[in-house]
Amino acid sequence: MDSAGNITAAPELNDSGIAVTEIDDETLATALANAKETDGKKTVEITIPAIEGAKAYEISLAASALTSSAGDTRFVIKTDMAVVTLPGNMLAQEAAPRPRRYPSA
Amino acid sequence: MDVSQIEDEELRQLIGRRPIIQLSLRIDGEDFPWNNPDSPVRVAIPYTPTEEELANPEHITVWHIDRDAKVTPVPNGRYDEETGTVTFSITHFSWFAVVYVHKTFGDLAGVGWARKPIEVMASKGIIQGTGPDTFSPASNITRADYTVLLIRTLGLRAEFTDNFDDVKEDAYYYEAVGIAKKLGIALGDGDNRFNPEEPISRQDLMTLSARVLDKYMGLKLSDDIHVLDRFIDKGDIAEYALSGIATLVKEGLIVGSDSRISPLANTTRAEAAVFLYRVYNSYVK
């Protein structure tokens with residue numbers, strides 16, 4: 001992990017060709033504590049280095065990372081297949097009373 | 001993800017060598033059908049376009065493919081030349097494919113100025129033609145049709161329970177107009193009527209659009225109406241439409257033609273497409 005809380009986590013290839021990575025709670029907590037704010041959101045980058053033969057990447061982290069109701073965090077998962085930005089409130093249950101954007105129909 | 005897992009051959013060929021990815025979420029080992037319109041997930045897929053694609057990068061877009069190989073365009077999908085990625089935002093997980101779509105229509109010859117916006121917006125799945133090969137660019141667009149396009153272009157959604165009295169539940173525009181009403185964009189005529197099948201005047205189109213951009217997309221409505229001085233027919237603009245039109249002109253979203261803003265004229269389908277194309281490029285990320 002670097003000083004800005006960005007994590008690099010080498011995956012392991014399992015028998016199904018899935019590159020599996022687990023980010024433990026402590027690492028995640030430290031990363032969030034050190035994360036820099038961009039656009040008012042603490043951003044933690046998790047880089048998964050490419051692994052030969054990987055058909056998919058699977059990243060495990062505590063669900064609590066994605067249930068924050070504050071909406072002031074985000075996690076950027078970087079693999080060679082895609083970069084996926086997960087808002088820290090994507091699993092929050094509260095539906096805020098504001099218009100909803102639905103980019104996909 | 002491997003394209004060979006798609007059973008529909010025509011679809012497989014359309015996707016071709018382009019990337020297709022599956023995103024999924026599991027909680028405690030169980031698949032979780034994530035769907036949260038309030039918290040979009042942003043995706044960027046590295047992509048190197050072909051030469052042909054690079055000549056028309058706006059036609060690189062994204063399709064959502066469900067379990068039954070049913071395709072739904074993701075209107076915000078686009079190629080970002082700077083990062084060399086195809087980016088899009090989603091609120092549910094599934095399969096997503098990068099595609100190159102060049103939709104066109106046989107009746108665009110007379111509207112060269114609108115050809116590209118119409119083709120891009122149609123290729124992204126935002127605008128539809130009036131037939132398989134017709135767009136009817138010179139036809140007037142109705143209030144209902146414009147509302148459908150505006151809501152779809154911006155990807156707005158809202159839960160609503162009531163609608164205008166003259167919007168029937170089985171109308172194809174019921175949802176879009178209901179959303180527009182709920183969000184305070186469509187105000188109707190004071191008698192709870194929307195007149196959905198009427199053509200929409202240019203000033204009403206601009207007013208409605210400025211209102212939605214101001215409320216939800218970060219446009220600031222301006223009271224400075226001096227930008228309208230260059231239009232010889234600015235006197236035709238209704239009081240309620242002045243600020244909205246002035247703002248859109250200031251932002252370059254509306255340019256008028258031949259020193260006219262033509263506020264009372266009906267809006268053609270071509271004009272609506274060009275306007276929404278500009279809105280898409282300025283406000284939809």
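Modeller: In this predicted model, E2(A) pairs with strand E3 of chain A, residues 18-22, in the antiparallel sense, and the pairing runs over two bridges. Within that pairing, the residue of E3(A) that stands opposite Leu13(A) is Ala19(A). The two strands belong to an open sheet of three strands in chain A, whose order is E2-E3-E6 and whose pairing is mixed. Its edges are formed by strand E2 (12-13) and strand E6 (56-60) of chain A, each of which pairs on one side only.

Strand pairing also links the two chains. Strand E8 of chain A, residues 83-87, pairs with E4(B) in the antiparallel sense, here over three bridges. One residue pair can be named: Thr85(A) has Arg42(B), in E4(B), as its bridge partner.

As for the contact as a whole, chain A contributes 19 residues and chain B contributes 30 residues. On the side of chain B that touches chain A, at least two residues come from each of strand E4 (41-46), strand E6 (71-74), strand E8 (85-90) and strand E10 (156-157) of chain B. E4(B) gives the most to this side, with five residues. By residue class, the side of chain B that touches chain A comprises 18 nonpolar, nine polar and three charged residues.

Notes. Residues numbered from 1 in each chain as written. Chains lettered and ligands numbered in written order. Predicted model: local features only at pLDDT ≥ 70, side-chain atom pairs only at ≥ 80, totals over all residues. Contact = placed C-beta atoms within 7 Å. Helix = DSSP H or I, 4+ residues; strand = E, 2+ residues; numbered from the N terminus. Nonpolar A, V, L, I, M, F, W, Y, C, P; charged D, E, K, R; others polar. Pairing = 2+ DSSP bridges.
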